[in-house]
Amino acid sequence: MRITEIYQSIQGESSFTGLPCVFVRTTGCDLRCEWCDSEFTFSGGTTMTLDQIMDHVAGYDCNLVELTGGEPLLQPEIYDLTRRLCDAGHTVLVETGGHRDVSSLDPRAIMIMDLKCPDSGECEKNLWSNLAHLRAVDEVKFVLASRADYEWARSIIREHRLEDMVNVLISTAYGLLSPRVAVEWMLEDKLRARFQLQAHKYIWGPDTRAV
Ligand code: SF4
């Protein structure tokens, strides 16, 4: 597999925020979100075998592992890697853009599906058939850059009854929309979603790499 980096940090997003986590960041993404802060994953990286990745992860002695990118589902070996990490007893989070088919992922993994809002410029790539594969343990995330993004996310959440299906996460694109404003909108609409800040940016600074 092409791997940009493997490192341990705390989980900066999702319901697992604040927990120690090993991040396996794959190289390559087939989207180009307007506000992307992970362009460094688009190229380069190192070729690693699954055994090498497993050994590297094992060295951290950390239960929680997140597969992220880039877009991890671009690489066919990701399915075997997910299975092997689950077999080894890890809690595995798979962060995906929501535009790649998730139906072959090991069901023991927890999906964090980042549905792309209109201001990302990639909204039309969302693969709606993926919603049929979501379970109660999975999480659907919306990154908002504007009121239009919020209204779009709210309509998708309500239309697909996501509040009753999964953990819904709302965050704002860093520097583009005030978290306070987004929270006020959520409260006004009684949206049953978790607002999240990117904790790593507050701990280590705004230029810290996304998770
Ligand atoms: S899916 Fe993630 S890595 Fe890919 S362009 Fe969008 S924000 Fe960047």
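## Largest pocket

A pocket is an open set of grid points with protein on both sides within 12 Å along at least five of seven lines, and its lining residues have an atom within 4 Å of a point. In this predicted model, 32 residues line the largest pocket. Nearest its centre lie W35, D37, S38, D114 and K116. Strands β5 (91–96) and β7 (139–144) are the elements that give two or more residues to this lining.

The largest pocket holds about 520 Å³ of space. Its lining residues divide into 12 nonpolar, 10 polar and 10 charged.

## Salt bridges

Side chains of opposite charge can pair when their charged atoms come close. The structure has 19 salt bridges. D114 and K116 form one of them, at 3.1 Å from N to O. K116 is buried, with a relative accessible area of 7%. D114 is buried too, also at 7%.

E5 pairs with R25, their closest N and O atoms 2.7 Å apart. This bridge links distant parts of the chain: E5 sits in strand β1 (residues 2–10) and R25 in strand β2 (residues 20–26), 20 residues apart. Both E5 and R25 are buried. In the bridge between R158 and E163, the closest N and O atoms are 3.2 Å apart. R158 is partly exposed at 38% relative accessible area, whereas E163 is buried at 15%. A network of salt bridges links D80, R83, D87, D106 and R108.

## Nonpolar surface patch

Y174, L197 and Y202 make a nonpolar surface patch of about 330 Å². L197 lies in the loop between β9 (194–195) and α6 (199–204). Its relative accessibility is 40%, so L197 counts as partly exposed.

Conventions. Residues numbered from 1 in each chain as written. Predicted model: local features only at pLDDT ≥ 70, side-chain atom pairs only at ≥ 80, totals over all residues. Heavy atoms only, no water. Patch = residues over 30% accessible without salt bridge, like charges linked within 9 Å, V, L, I, M, F, W, Y side chains within 5 Å. Areas by Shrake-Rupley, 256 points an atom, 1.4 Å probe, with all protein chains shown as cover. Salt bridge = Lys/Arg side-chain N within 4 Å of Asp/Glu carboxyl O. Helix = DSSP H or I, 4+ residues; strand = E, 2+ residues; numbered from the N terminus. Buried < 20%, exposed > 50% of the residue type's maximum accessible area, 1.4 Å probe, protein only. 1 Å grid on protein atoms, 1.4 Å probe; cavity = no way out; pocket = protein on both sides within 12 Å on 5 of 7 lines; lining within 4 Å. Points joined across faces, edges and corners; volume = space filled by probe spheres on them. Nonpolar A, V, L, I, M, F, W, Y, C, P; charged D, E, K, R; others polar.
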